[in-house]
Amino acid sequence: MTSHVSPSVTTQKKTRPTIAVPQIGRRPETGALIGTVSVFVFFAIFGGEQFLSAGGAASWLNVASELAIIAVPVGALMIAGEFDLSVGSIVAASSVTLAIVSGTWGAPIWVGIIAALALGAGSGFINGLVVTRTNVPSFIVTLAMQFGLAGLTLGLARLLAGNTSVPLTPDPFSKAIFGTLIDGKFEVAIFWAIGVALVVAWILQMTRYGNWIFAIGGDKESARAAGIPVAKVKIGLFMSTGVGAALVGIIQTILYNGAQTGTGQSFVFNAVIAVVVGGVLLTGGYGSVVGVILGTLTFALVNQGIYYTGWNSDWASLILGVLVLVAVLANNTFRRLALASGPRQSKIVKKGA
């Protein structure tokens with residue numbers, strides 16, 4: 001009788017972990033979800049009723065929404081194995097462009113919006129072109145763009161508008177679309193962030209282009225050998241990060257009725273933090289939009305939640321630093337679980353081909 005019972009018991013003990021762990025652990029957003037829930041519960045306990053109020057929710061949702069508009073395309077770019085550190089200056093440059101074109105020069109607001117988006121797309125195109133043509137690391141290329149564009153924005157603002165602060169009076173329609181506050185608390189940017197996330201998620205999960213992005217991040221040379229247009233895909237991704245940054249610049253300019261040449265610089269590393277916490281590997285080839293959204297929520301919860309505890313806000317940086325380190329370690333663990341059933345990159349390359 002023992003010989004009949006033991007095998008069945010041992011089989012159950014062996015099979016349950018092997019079924020459950022891969023299903024949960026191979027998802028790139030698993031660690032991000034754990035982090036977001038943990039941080040929310042932490043601040044719900046120590047932040048009290050004010051943190052859980054509508055005003056408290058608005059404070060971190062507004063931060064998360066603007067960050068997500070940039071972080072989601074940056075996440076897609078990082079999945080392809082590249083960085084973009086120029087988004088901060090693109091936010092400022094597009095903001096000043098809109099304010100000068102439609103404020104100082106008096107052109108219709110839609111002309112200024114198009115000019116701002118074109119500046120973002122053009123900056124991304126230059127980044128992508130230089131990276132793909134020269135093979136200089138994108139970290140260096142986009143860092144150079146970050147400083148160069150910041151100086152150009154400051155110089156042209158003083159030359160064309162005579163000041164580093166450029167006012168703008170938006171019309172009611174553009175105010176409603178880009179810069180209104182719902183119920184006096186929630187930025188309309190929340191809906192823009194949802195739209196950006198849905199579009200990028202659809203591209204990554206449902207299209208051949210999405211397969212190409214994962215394949216390039218997994219193994220660039222194998223992807224090229226499989227016929228994937230690596231250079232075009234990367235240039236397109238750099239342009240998407242530029243457009244995302246320009247959109248945030250437009251939203252901030254219309255929301256605050258003007259532009260500042262120094263705005264947007266915090267997005268440079270905040271976007272990378274959100275993406276890494278969201279489960280995207282720094283080496284590329286692994287990540288998801290859901291994870292990036294969770295990463296932006298985690299960042300915003302820490303960034304804003306600390307004020308509701310009454311503690312010194314300096315602790316927010318410590319918490320974020322710990323989160324980044326834990327996220328990197330967790331991402332590697334979850335990736336190993338994801339690859340336990342077979343090499344992901346080879347499957348993706350075949351799909352992309």
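Which residue, with a positive phi, follows H11? In this predicted model, the residue that comes after H11 is Asn257, and its phi is positive, near 60°.

Helix H11 runs over residues 230–256, which makes 27 residues, and the distance from its first C-alpha to its last is 39 Å, close to the 39 Å expected at 1.5 Å a residue. Most of H11 is covered, since 20 of its 27 residues are buried.

H11 also takes part in a pocket. The second largest pocket has a volume of about 310 Å³, and among the 16 residues that line this pocket, the closest to its centre are Pro73, Val199, Val200, Ile203 and Ser240. Two or more lining residues come from each of helix H3 (54–79), helix H8 (189–206), helix H9 (208–218) and H11, and of these H11 gives the most, with six residues. The lining of the second largest pocket is made up of 13 nonpolar residues and three polar ones, with no charged residue.

Ser102 has its place in helix H4, which covers residues 87–104. Its relative accessible area is 11%, and because buried means under 20%, Ser102 counts as buried. A polar atom of the Ser102 side chain lies 3.1 Å from the backbone oxygen of Pro108.

Technical notes: Residues are numbered from 1 along each chain as its sequence is written. This is a predicted model: local features need pLDDT of at least 70, side-chain atom pairs count only at pLDDT 80 or more; totals for chains, interfaces and linings use all residues. Side-chain values use heavy atoms; hydrogens and water are left out. Helices (H or I, at least four residues) and strands (E, at least two) are DSSP runs, numbered from the N terminus. The expected span of a helix is 1.5 Å times one less than its number of residues. Buried means under 20% relative accessible area, exposed over 50%, partly exposed in between (1.4 Å probe, protein chains only). On a 1 Å grid over the protein atoms alone, a cavity is a set of points where a 1.4 Å probe fits but cannot get out, and a pocket is an open set with protein on both sides within 12 Å along at least five of seven lines; lining residues have an atom within 4 Å of a point. Grid points are joined across faces, edges and corners, and a volume is the space filled by probe spheres set on the points. Ala, Val, Leu, Ile, Met, Phe, Trp, Tyr, Cys and Pro count as nonpolar, Asp, Glu, Lys and Arg as charged, and the others, Gly among them, as polar. A polar contact is a pair of N or O atoms within 3.5 Å; within protein, one must be able to donate a hydrogen and the other to accept it, and residues adjacent in sequence count only if both atoms are side-chain atoms.
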